Every structure is written in structure tokens, then in C-alpha cells.
Amino acid sequence: MNVLLVLPLVIPLTTAAASLLAWRRLPLQRFLAVAGAAALLAASAALLAGVWTNGIAATQMGGWPAPFGITLVADLFSAVMVVLAGVVGLAVAVYSLASLDEPRESFGYYPLLHVLLMGVCGAFLTGDLFNLYVWFEVMLMASFVLLALGGEPDQLRGAIKYVTLNLVASALFLAAVGILYGLAGTLNLADLAGKLNSLAEPSTVTALAMLFLVAFGIKAAVFPLFFWLPASYHTPPVAVSAVFAGLLTKVGVYALIRVFTLLFVQDVGYTHTLILVLSGLTMVTGVLGAAAQQEFRRILSFHIISQIGYMILGLGLAGLTTSTALATLALAGSVFYITHHIIVKTNLFLVSGVARRLGGSFELKALGGLYRGRPGLAILFLIPALSLAGMPPLSGFFAKLSLVQAGLGAGQYAIVAVALVVGLLTLFSMTKIWAEAFWKPAPADSALDSPPPDLGPRERYTLLLPIGLLAVLTVTIGLAAGPVFTLATRAAEQLVNRDAYVHAVLGGQR
Amino acid sequence: MTAVLSGFVLALVAPGLYRRARAGAGWLLALLPLGLAGYFGSYTEAVAAGETVRASYSWAPALGVDLSFCLDGLSLLFALLITGIGALILIYAGGYLSGHPQLGRLYAFLLLFMASMLGLVLADNLLALFVFWELTSLSSYLLIGFDHERAEARAAALQALLVTGGGGLALLAGLLLLGQAGGSLELSVLLGQPHDLRGHPLYLPMLLLVLLGAFTKSAQFPFHFWLPGAMAAPTPISAYLHSATMVKAGVYLLARLHPLLGGTDAWHALVTGFGAATMLAGGLLAVTQTDLKRILAYSTVSALGTLVLLLGIGTSAAVTAALVFLLAHALYKGALFLVAGALDHETGTRDVRQLGGLWRTMPVTAAAAGLAALSLAGFAPFLSFIGKELVFEAVWAAPGAGFILAPAAVLAGALFVVTAGLTGVRPFWGAPRATPRPPHEAPLSLWLGPVLLAGSGLLFGLWPALVAAQLVSPAVTAVVGHPQHVLLALWHGFNLALALSGVSLVLGLALYLGWNAIRRASACLEPLLNRGPAMWYEVALRGLNRLAQGQTRLLQSGYLRYYLMIVLVATAGLTGATLVRRGRLASPVDWSGLSFYDAGLALLILLATAAAVLARSRLAAIAALGVVGYSVALVFVLFGAPDVAMTQFLVETLTVILFVLVFYHLPESPAVSHTLARLRDALLAAAVGVLMTGLVLLAGDVQYHPPISAYFAEHSLADAHGRNLVNVILVDFRGLDTLGEITVLAVAGVGVYALLKLRVGAQGHSAAGSTEVQPARTDAAPLEPEPGPVPAVNGAPQDGGLALANPAAEEGGGR
């Protein structure tokens, strides 16, 4: 058994269980939360290193051979995603120390956070379709409670929409898994890949693929299934928004990419054209939604949707080209984009929390004067914001560049035009936040006018350190775009070359 | 490479340095560009001898992005302008904004810009060029918005960013297409290879995209409106970015790509046409203004148009003219901007109508202004005189269009004379006027730049050989593509160019004398030439906002029921369409295996479902649902899965009890939906139900592979030591699933506890955001079902139960 594959599940589970046991001892919980997140990051980094050197890793839970038991698999894509979950987990755990109110902290926030991380890691690592469903449930329950924790009316209003729409997704997912099992008689992804591909009449599978598209599309907040996201992301404490923004939708994207590269490749001309169209609509509706907002977190929330479009753009392109090199480039673009996005988006939410702490609001109208008074924070905002808008030489530029190159290579000019224009509109949104919250003088009655609510020394570290480190990561990914893109390319190669995955799971037997 | 990087590094430390050195910081920082100018200067000989200096660093080779640089004649000319003027600007900014609390940031942005601009003109890799291109747009944004507490400055910064940024994206697409067509993103490779991009099927889109990038950056009509807006920046910034260097990036790009894309009919028509239109529009608009900086801005637009026009013509004479003109323009226009800044700084106004007779109090500035103005007007013996003659000559000789372009150029030249009079002469001569502040001479830092710049214009005019062989010739060579030896001379003999030059001078002087009348007369052009294009920007922006709000209100309505509806329609639509496309919904089902009990149960389920839907009272509906659940459990019994059936019985019982308990406390609700809405919902529900049924039938219909459950039956007792297959699956074969589900239950427990116990008081920050759409529909909230803790609590265990019950049903119930 490859213990590295199990650690990303065991560490958060143990941390959560230990924190639950330490229910009344908040300092211990805090320590456990940060230590657990750090351990998760370390373990995930080790996993990535292992997969990088030794190729796709797979381990059979309970020792039952695949496809009969549950398999955990880590290819480079999975490993990268787990590392990102570790990064976000650690950043948010540290940030939470100073940003969360004590009532929430003492009502299970830290255990819930780690259960959420466990669910996310499980989803990235599982090689079994029903097990994926289970991790989705873990995530959904943990995220729902995190979302509603505190019981503010707004939170509950958002949470009820969140949970209802996500339960629809779960139900569809479950139904689809059931029918697929009826068709192919197996749940193991690698096994399914082989069996679905040997079908005489693949069109039934294509119809089924639509159910998966909708189920995962809801999770990923794809047009027109994204409503739960803008309805809820601005309601919980910032730390919760940040971890959601970083990870939740990306699990949906991960699942889409996984099943539409591994399982549903029978009728790519149809399915992937559909994905491409959805990606365009998602990009456009998301960015327009953001343009209509005047509140820091709402703007950011709509941009998540818009960028989900970019992520599945690569998936769509990969299916629509006959050239392996182009397909690899497109998927590498998706992987790169997800990597960049998770770091940047989490960071922007974290910054929004500091802006609120200093300016007293998330409303752009009520904010202002941060550039004059807080140049450091201004830079820390500008880095992820410009990266989000795809400004060179930050990470977002290379993410966009690779997708645009793939699009031009595949001759999909319309979607390239959409992607570029949406990039400009993203820049527009980011400058809106910049001009209103940072450049504009603080409104007369704002909190900045009175003696500024300065961050205490402890807050300064716990709030700004994660932000700073994530910003450094953003710059580094930009400046070291070569090596990072090589990683993304190798991950994409593994996605394109499905035999390697199947072989790693099933061994010689087919 | 180091040359470019050093600027970025210095930008990082500039604010810190400023905090230490204060007043001296500008002088200190200017040492870097000065040093760089010397460094580039040292390559003059080599470049003039035909060498190109190269350096290359790998960045993201898989994406075609590499930091490869190449110093040839064209790059060298620009690099010297950038660093030379940059040094003067840094010194000037220190004096102009002395004591400003954010001067340190200004230095940082200036250096950031300088480094980016250097990168732009030195880059050999097209994508590296683009990276620097965007960085100049960005630093321009930050610099235009320097006075960030003024709303106009913020708006102008945004406008400049969006216009140039939009062009930038077009440029990116164009460059990538170019790279794809040419097989490389390295300029040197593209220029060196034989096959011709001009015949490529994508040539026209490529050209249009690149031109869009160049035209927006270089403020060509109809995108020119952002440039006067950019005058919101402090004057040294306007002088540097928005006159001498950044706005010439588009011109640089056209010159750079001329050997690759130039020379076609499309190139001639587009580049020449837009250039000519810009030249005239800028010139005409310049004379309608009264603000010194805006006059200069429009005159810069005109000059940029002239440069583009010349590159459109593309003959070696035109290219030579363009480069000489470019050099001359950078010198005198920079000087005049700095003079305008000094005037503003010392008198408190930039309105030409309020300025006069200042030569007495500001003699040095006046002298510099005079020199620069004579240069702008194109008098001998300035470099610009030579440039002007070359322009007339090239324009006249333009194939096919000389007779239209030449008069246009003469008119533009005349308008230049007016501009020169307004900005360089009028404020200093005539009767002194009262100014907001009593005028006095500017300090050294403020007059050094103008004097040096204007002086060089004179120097190069008197000794054109200083620049001809070493600077201009290699640059022309780089653009034209084959070696050129340019000879510059003040005296060309009596020829047509001289005559045209004379005509334009005389006409210009006449226009200047009648300026007031002309200003009033040409004011009618303003709406057409300026407000028209600017209006498009505003209309587009407003349209975008309106579209965004309309769309968001439509989609993100705030009503959960609409969300659900759209999601279900999408599900039914996508799946249904795919099934229809498949041509055959489901093959006829084989009913022969159906027993009496099966059929009876199915009927019971259907009847109970109908009853649940039609029931008037809540309790009846719940009871009916309970019947459905129990019948499903009986199905499990029929198929030999008593464990699953037991679970289902328990879950159903609990659900019904919980529902009854909850609903007992709720008031009887009136019918909320009207008939039409009910019909719609019924249709949707039926569609989804039919689709799911169809899919299930399909799965049963075509079972392609035997299920893996045989393995479980075989190994359950032998290896897992359990007689109950379902149990073994739950705790052993698929134990990880069960671990996950237990976690779900635990979390649900925590959730229920926390939701019941914890109420964080409304903390104010969310008070404004009760609905999801920003223009808040106040009526949306009350219509929403109030999500109290009840449904939330209820949802939790129910979901856990559902998840727990189903895997067993899925896997244990193998046939």
C-alpha cells in the first residue's frame, strides 16, 4: 500500500477527530488546525514528488484487487490538486486564527474545515466513481455546516439555496452512477474506461454523460447551473468564503475533466463541443455578473464562475482536436489555469477580509483610501487581482496564454475571442475594486476616517502572512512559468494517454 | 537583459530610497537611466556596422515565451530615447512634485515603466514583447491615476487602460497567429526566413489584429480620445509616457513588423488612411484647445498620425522621414511638455489665455520653450526642419496617393506652427497677465530637461551627421530590411519639399494670427472628431453595465424555485436532446419476467405518487410519500435484499415522523402558485421523470458487461469471513465509502448542534445584502421561503440517510 496516497485522507480526518475531542479547548484546536494543515501540505508535496518521479500511483483500499475494492489513484493532475488543497488549507487555517469570531471557532469550525479538506482530497484521489460520490457528500455536508455556522439570516438564506441545488446535483450524480453501473457493471474508473470504450453502441453512454455533465456542472458552477454560488459565497465569514472559492468548484471541474478525459470520450465531437459552448457562456455570464456588482466578495464570486469557463475551455478544446500535442496543450492550459486560479482566488478573498477589517465593509461604496493608507495591502491586492485579469508576467497570463494558443491551434477562433474579451472585462472588474476600495478617498463616515482600526501585531502576522505567501506564489508561478508549465504538460499527457492510468490501476489485467 | 532587469529592481527599491534621500532621490535615480544610455551608446558603433547584439534567457519555452533580446538600429534609437529622456524626467519629477507624499511610488512606477518600455523595444520574442507591452499599459494606468483621489483621474486611467488593454488583447491574438503562420515567435527567425506571411490565408486577420493593437496604443483616430484624457497624469509623466515614448510603441511595432506584414495593398490602405486621418484630426483638435497640455496632447496625436502615415507608405524615403521625425518630435515635444509643467508649477495655470509676457520672470524656461517651439514649427536649422522636408518629400512621392496626402501634410504642418505658437511663444511674449500665483523662474531640476532636449534639437539640426550615420541609418536599415545609408542635410536645394515647407510655414503663421477666430470656427469639429469616438467608449461602457445588470437580474433572480427550474430544464434538455439525437429513446422492454407482485408494487408506487402530488393536505401528501417509500422497500425484498429493505423501512418511517412533527407546527398554507405555474411545474416534473425512467430502462436494456458483484459473492465468506454480502460490502469491500458516510453523519451532528445552539448576532456587514442582485429588489426577500433552522436541521439527517441507504441498494441489489 502506498501510504502517501492515504495520508491526505488520514491527516485531515485525524485532525478533525482530535479537534472534536478537544471541543472545549480552543487553543488546542487552533494549534491542531494549523499543524494538521501543515502536515497535509507536507504529505501532499511528498505525494506530488513521488508521482513526479515514479509515475501514476495507485493503491487498493483493504487490499481488495481493483476493480472490486476501492482504488485510490494519484496521477500528476490529482497530486497537483491535492497540493493546492494543502496550500489553501494552510493559508486559510492560519488566516482563520485572527479573522474568525470566537463563537464560531468554538462551535466546531476547525474540525469542519478539516473534514472539508478531507472530502476535497478524497475526491481528487479516488479512482472509484461511487467513492467520488461519497467524498462529494462529505464536502457538501461540511461546507453546508460551515456556510450556515453562526446562523445569521443572510447565511441561512444563502445556505438553503446552496444545499438545495447541490442536493439536486448529488441526486443526479447518484442516479447516473447507478445507471452506469447497470450498463457497465463496475464503478472503478479505470475499469469503466476500458469497458465503456468497448461498447458497440456508445450513444447510450453519451446520454448518460449528460447527467454527469449536469451533476458536475452544478458542482463546478457552470452556466446555467451556477446559481448557488453567487447566492451563498458572500454570506459566511471570509475564511470560509476563501476556502470555498479556492477549492469547492474546482472539485467539480476536476471531476468534469476526469470523466470527460477518461470515461466519456466516445463522441467527443458532440460532448466536447457542448463543453466548449458551455465554457463560453460560463465565461461571459460570469464576468457580466461581476460587472453588475458593487460588493467586494460578490464581484469575486461571479469571477469564479467566469474562470470556471476558462478551465473547462481547455477540456472542450482537448476533445475537439485530433492532434495529441494540441490536446495536451489545451489540458495543460486547464491544469495551469486551475493551479493559478485556486491560489489567486483564495488570496483575493483573504484580501477582501482585511479590507473589510480596515474599512468596515465589503461594499465598494463604503470603502476607500486603502491605497493612501495601506500601500502594502494595495500591492498584495494588486498582485492577485492583476493575475486574475491575466496581466503579464503573473500566473494568470500564462494560464490564459496557453488556452488561447490551444484555441488558435485548434482553429476555434470564436471561443478565443470570447476568452480574450472576457479577460478585458475581468481587468475592468478588478480596476473597479482597485479604484473604489484603494484609490478613492475614504468616504466621510467610514471607519478609516476615525483613528484607523490598526491590525494588532498578532493579526498582522496571521492575516497578512498567508496573503503575502500566496502573492509570492502567484509571482513565482509567473516568473517560473516554464517549470510550472512543464508540470502541467506532464499532467496533461497523463490525462490524454489514458492507458497509463488504466494500467496503473488494473495492472496487466484488462 | 540586465539593462531591462535593473530598471525593475530599482523600481522595487525606489520608494525606500526616496524615504532616505528625499530631494536628492530623483538625481540619484537618474543615474541608472543615464548609465544605461551610456551602455546603449557604447553599442552605437557596432550596431552602425551592421551587428545585432543578442541575449536570450529561457522562460516558458513550451509556450513560446522566452526572454530573448536583440539590439539593432531601431531598438537602439528607441533605447537611447527611453533612457536619455527617462533620466531627465526622473530629475524633473523630483522638482515638480517635491514634497509630495507619494513621490516614492511615482519613482517606482516610472522606473517600472522605463524598464518595461526598454524590454518592449529590445524584445526579440514576440510574446516577451507583448509582456512588456502590457506592462507599459499597466504602469501608464497607475501613473495616470497618480492623483487618485480625483474621480476624473481615475476615469481617465481606466479609459486609457481599457482602450490600450483591449488593443493589447487583439495584439496578442495577432502575434500568436503570426507565430503560428510563420512557425516561430522569434522576430529574428521570422525575419530571416524566406516564406512570405503576406500570402498566408490568415494574413488579413493577423494584420487587422496587430493594427488594432498598434493603433490603440499609438492613439490613432478613432481611438485617440484616451490620450488627452491621460493628461490627468502629472506633467513629467505626460511628457515621458504620453508623448515621447509609450505612445510610440505602436509606431515601433509597425516599424518592426513592416518587413513581415508591410507592403500589401491592405497595409497601405489601412495604415496610411488611419495615419492621415489621425494627423489631420489631431492637428485640428489641437488648435481648438486652450489648456497647454491638451494642446500638446492633440498635437502629439497629430504627430503620431504622421508617423503611422509614413510607415504606411513604407518606402525607404518614408521610413527615413518617419525616424527623423520621431527623433525630432521626442525632443521638442518632451521639452514643450516639461515647459508646460514648469509654467503650471510656477504660475498655477495651464490656460494659454491666462499666460503672457513670462519671459521676464522665467527667462531660461522661455529660452527653452522658444527653441522647442521653433523646432515644432519646423524652422531651420532645427532637426525637425530636416524631418519636415523629408516628410513632404516622402509623402509627395507616395505611390498613387501623393496628391492627396501632400496637401494634408502641409495643412498638418501649418497646424503644428499654430501649436508651436500657442505653447512656446504666446505664454512668454506679449503683455504679462495676472496668474493665480506670482510667477518666478523654475528651479534647475525643472528647466534642465527642456533646455537639454530643445538644445539637442538644435544641435542635431546644425550637425545632422551626428545622428545620420550612427543612429538613423541603422534604424532605417532595420525597418526596410536592407542596408540604407541616410544622409541628412539642412539644405536640400530649391525643390518641391522646400516649397511645401514654406507654404506650410506661411499658412501656419496666418492661422496663428487668426487663432481666436479659428478656434471658434473649428470648435464645431470637436463633436465629430473627439466627442464622437469618445462617446462610443462611454456608450459601450454604459451598455456593458446595463447588459450586465439585466443579465444578472434575469439569471440570478434570488428565487430558489427559478434556480431549480433552470437546473432541471438544463438536465432534461441536455439529456433529452442527446437521446433524441441518438434516434431511439429505448427499445421495447421485455415484460415477460414480470411477476404479479412486481406489477402490483409498480402500480402501487405510481398511485401513491399521484396521490402525493394531488393531495390537498400536507399530512395526506406525506402519508402518500410514505407509501412510495415502503413500496420501494418491498421492491428490495422482492429482489432478495432484506438488509437494504430494512434500512429503507427505518429511513422512511423516520422521515414520515419528522415531516409530520414539523408540519404539525406549520400553519396551513394557501395555494401559492396559480394554475399556469402549476402546469409548468407539472410538465417539467413529468419530463424529468420520463427521462430518468428512460435512462434506467436503457441501462437494463443493454447490459454490456457482467457486473463485478459475482466476485463479492465468491469472496465474501472465503476471504472476508462474512456471510452477509451487503454487510461485507459496506464494512470491507467498500469500507472507505462507509467511513466517508460516517463522517457525513458526524458532521451533520455537529451541524445540527451548532445551528440550534449558535446564533451570531447580525454584525451589520451583511445588512445591505439581503438579495443577490445588487440593485436590490426589496420585494424578493419576503417571497422567499424563510429558511429557519427547521428545514436545515431536517435536511441534514435525511441526506445522511439517503447516502447511507443507497450504496447498499446500488451494489447489494445485484440481480
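Reader: How many residues of chain B are in contact with chain A?

Author: Contact means heavy atoms within 4.5 Å. Here 125 residues of chain B touch 133 residues of chain A. Keep in mind that this is a predicted model, where local features need pLDDT of at least 70 and side-chain atom pairs count only at pLDDT 80 or more, while totals for chains, interfaces and linings use all residues. Residues are numbered from 1 along each chain as its sequence is written, chains are lettered from A in the order in which they are written, and side-chain values use heavy atoms, with hydrogens and water left out.

Reader: And what area do chain B and chain A bury between them?

Author: Buried area is the accessible area (1.4 Å probe) that two parts lose on being put together, summed over both. For this pair you get about 11,600 Å², with 71% of it on carbon and sulfur atoms.

Reader: How many salt bridges are there between chain B and chain A?

Author: A salt bridge puts a side-chain nitrogen of Lys or Arg within 4 Å of a carboxyl oxygen of Asp or Glu. The count between these chains is 2. One salt bridge joins the side chains of E149(B) and R372(A), at 3.3 Å, N to O.

Reader: Now chain B itself: how do the axes of α4(B) and α15(B) cross?

Author: Axes are lines fitted to C-alpha atoms, for helices over the stretch in contact, and angles run from 0 to 180 degrees between N-to-C directions. Helix α4 (residues 73–96) and helix α15 (residues 316–347) of chain B have axes that come within 12 Å and cross at roughly 5 degrees. Angles under 35 degrees count as roughly parallel, so α4(B) and α15(B) are roughly parallel to each other. Among the residues making the contact are L77(B) and F78(B) of α4(B), plus L326(B) and A330(B) of α15(B).

Terms used:
Helices (H or I, at least four residues) and strands (E, at least two) are DSSP runs, numbered from the N terminus. Angles under 35 degrees count as roughly parallel, over 145 as roughly antiparallel, 65 to 115 as roughly perpendicular and the rest as oblique.
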